[in-house]
Amino acid sequence: MAPRLAAVVPRSLVLAVLLVLLLGTATFTYAAQQRIATAKPATATKPVAPPLLVVPNVSGQAYVFAKGTLQDAGFAWRVEGSVRGYAANTVVEQRPAAGRRVVDTGAPLVVVRLAANKRYAQDGEPENSSPYPGTEIRYPNAPAKPKPAPKPKAAPKPAPKPVKVKAAQAKPAARPPAFHVPGARKEPLDEIPLPKRAARLERWLARHPHPTNANVRYWLYQNAWIATGARFGWWHGAQALRLLVRADTKAEHVWGIGARSRAVAKRALVYVEARSK
């Protein structure tokens with residue numbers, strides 16, 4: 001009897017221990033499931049608003065200057081109507097209107113209509129669109145009005161505003177015009193002078209020996225800017241045209257094109273020299 005009892009007792013202890021372990025594991029598993037079930041879902045992040053661009057005002061500008069304004073502001077352009085994209089023609093209509101905010105879709109397309117400038121011949125090939133493709137015009141949604149903040153019970157006294165000392169800004173050097181043309185745009189002093197622009201164009205040609213579409217469009221744009229600005233009587237226009245004639249001659253040797261641009265620059269030089277006397 002005693003040996004049988006000794007054999008039974010250890011077996012009972014083993015069963016009891018196993019039962020305790022099973023109950024403990026079940027309790028731990030249930031508690032873990034409860035924590036997972038009650039965990040809060042992750043909050044979704046708000047989408048980032050796309051950047052916006054403001055349509056610049058190019059109405060009344062010569063087409064050659066309107067193109068530069070649009071390009072600097074991040075827009076593409078296209079000419080519509082019977083008057084084509086010659087440098088001296090004037091912008092009379094634009095779409096979208098100046099001041100409108102649009103989503104930056106890459107190069108939003110601005111459509112312009114031109115009026116012919118009868119004082120200048122329509123020489124060369126017109127440039128009726130930007131050298132890069134335009135993208136769609138997309139207007140942003142109207143922003144929701146923010147809720148007014150609750151008024152504080154006792155507003156603290158505002159701290160005195162620090163006195164801002166304005167740094168002295170150097171004024172651009174004056175550029176007296178060689179002559180006056182009624183209705184012509186004044187020379188923008190934030191742009192480099194015409195002689196420096198022509199000299200840079202000649203140096204640029206040495207670094208771009210291949211007449212790719214982009215290079216030719218850039219060349220024609222700079223030619224039109226210099227020739228048109230000189231005809232408007234801008235500072236040292238005759239000097240700039242002489243440099244431009246030399247640069248166009250080099251372009252003809254390097255690229256095999258440039259004779260037409262040189263002829264336009266020469267005619268502009270004759271006109272400017274006659275008006276400057």
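In the predicted model, the axes of helix 4 (residues 213-231) and helix 6 (residues 259-276) cross at roughly 10 degrees and come within 9 Å. Helix 4 and helix 6 are therefore roughly parallel to each other. Their crossing is left-handed. On the side of helix 4, the contact is formed by Trp219, Leu220, Asn223, Ala227, Ala230 and Arg231; helix 6 contributes Ser261, Arg267, Ala268, Tyr271 and Val272. Sorted by class, seven residues of this contact are nonpolar, two are polar and two are charged.

The model also contains an open sheet of three strands, with mixed pairing and the order 2-5-3. Strand 2 (76-80) and strand 3 (90-95) are the edge strands, each of them pairing on one side only. On average, and with direction ignored, neighbouring strands of the sheet are turned by 35 degrees against each other. Strand 2 and strand 5 (residues 109-115) run parallel and are joined by five bridges. Within this part of the sheet, Glu80 is placed opposite Arg113 of strand 5. Helix 2 (residues 63-72) lies across strand 2, strand 3 and strand 5, and runs at about 145 degrees to strand 2.

The protein has a mean pLDDT of 80, with 71% of its residues reaching 70 or more. Over residues 1-9, pLDDT stays under 50, and the model has zero contacts beyond four places in sequence for this stretch.

Notes:
Residues are numbered from 1 along each chain as its sequence is written. This is a predicted model: local features need pLDDT of at least 70, side-chain atom pairs count only at pLDDT 80 or more; totals for chains, interfaces and linings use all residues. Side-chain values use heavy atoms; hydrogens and water are left out. Axes are lines fitted to C-alpha atoms, for helices over the stretch in contact, and angles run from 0 to 180 degrees between N-to-C directions. Helices (H or I, at least four residues) and strands (E, at least two) are DSSP runs, numbered from the N terminus. Angles under 35 degrees count as roughly parallel, over 145 as roughly antiparallel, 65 to 115 as roughly perpendicular and the rest as oblique. A crossing is left-handed if the near helix is turned anticlockwise from the far one by less than a right angle, and right-handed if clockwise. Contact means heavy atoms within 4.5 Å. Ala, Val, Leu, Ile, Met, Phe, Trp, Tyr, Cys and Pro count as nonpolar, Asp, Glu, Lys and Arg as charged, and the others, Gly among them, as polar. pLDDT is the predictor's confidence in each residue, from 0 to 100. Two strands pair if DSSP finds at least two bridges between them.
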